[in-house]
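Work through these exercises with the model open beside you. Try each task before reading its solution.

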Amino acid sequence: MTSLRFLFATTVLFGGAGGLAGQDSGMAVLEAASERYAALGGLCADFVQVLDNPILGDAKTTRGRLCQETPNLFRMDFSDPEGDEVVADGEWFWVYYRSLDESQVLRFPLDDSRGGMDFFREFLSEPASKYSVAAEGVEQMAGTTTHRLALTPLSPRGLVSARIWVDPSTDLIRRIEVTEDNGLTRTVTLSNLALDPSKGAAHFTFTVPPGVDVVSNE
């Protein structure tokens, strides 16, 4: 951790925004974040998500609160649009966009090799086995200096590329940008992080609303 702090200080003082460039330094930042993630039992954060669809030429912004617990529990509760939910319960991945279709929920088997929308697990669990990393310099975000990293998958993962912004003072992710195979770009910005919240497994249970059909992709 001390060496990473020194790397950051040297970059700011002598390298400017481009001083952190390179595979080795980028992976060092990502590995530090991975170690921080592994030491946590879980976390919660407010999120603002922007979905940019270049085919339709529009962007949609959603908001809410997400929580994650290692190794494979994840939940996004949307306040805008209210009632939408994304849940990984350890066995299944549930997607209920009530604002689009309140009559059905999608259910997928949880893939242990991929984090999907659980981007903490996707990008911070053994990242060197999944991605090559390039440091793109430092960037200010809400008064905090972050490291911006570009990630390229080493094998097919349902995405073309990704960027993450890491706060070096905490080794926590502050923003994620993912370009999916279908061209959709998803950007998630996090704030008001709570570390190791006492949520428990029940918080990550999805309850199918009455009258809603479950469409399962097994």
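Predicted model: local features only at pLDDT ≥ 70, side-chain atom pairs only at ≥ 80, totals over all residues.

**Exercise 1.** Find how many aromatic pairs the whole structure holds, then classify the pair of Phe74 and Phe119.

*Solution.* The search of the whole structure gives seven aromatic pairs. Now take Phe74 and Phe119. Their ring centres lie 6.1 Å apart, with 75° between the planes. Planes over 60 degrees apart count as edge-to-face. The pair of Phe74 and Phe119 is edge-to-face. Phe74 belongs to strand β3 (residues 73-80), and Phe119 to helix α3 (residues 119-124). They are 45 residues apart, so this pair links distant parts of the chain. Last, check Phe119: its relative accessible area is 6%, so Phe119 is buried.

**Exercise 2.** Classify the pair of Trp94 and Phe206, and say where each residue sits.

*Solution.* The centre-to-centre distance is 5.1 Å, and the planes of Trp94 and Phe206 are 20° apart. Under 30 degrees counts as stacked. Trp94 and Phe206 are stacked. Trp94 is in strand β5 (residues 92-96). Phe206 is in the loop between β11 (185-195) and β12 (213-216). The pair links distant parts of the chain, 112 residues apart. Both Trp94 and Phe206 are buried.

**Exercise 3.** Which residues do ring pairs link into a cluster?

*Solution.* Look for rings joined through pairs. Phe47, Phe78 and Tyr97 form such a cluster.

**Exercise 4.** Identify the disulfide, its handedness and its surroundings.

*Solution.* Check sulfur distances against the cut-off of 2.5 Å. The sulfur atoms of Cys44 and Cys67 are 2.0 Å apart, and the two form a disulfide. The count is one disulfide. Cys44 is in strand β1 (residues 42-53), while Cys67 is in strand β2 (residues 58-69). The two lie 23 residues apart, and the pair links distant parts of the chain. Now the torsion about the S-S bond: it is about 110°, so the disulfide of Cys44 and Cys67 is right-handed. Cys44 is buried because its relative accessibility is 2%. Cys67 has a relative accessible area of 4%, so it is buried too.

**Exercise 5.** Which rings do Arg107 and Arg175 lie over?

*Solution.* Arg107 lies over the face of Trp92, 3.8 Å from the ring centre. The charged end of Arg175 sits over the ring of Trp165, at 5.5 Å from its centre.

Methods
Residues numbered from 1 in each chain as written. Heavy atoms only, no water. Helix = DSSP H or I, 4+ residues; strand = E, 2+ residues; numbered from the N terminus. Buried < 20%, exposed > 50% of the residue type's maximum accessible area, 1.4 Å probe, protein only. Phe/Tyr/Trp six-rings, centres within 6.5 Å; stacked < 30°, edge-to-face > 60°. Lys NZ or Arg CZ within 6 Å of the ring centre and 35° of its normal.
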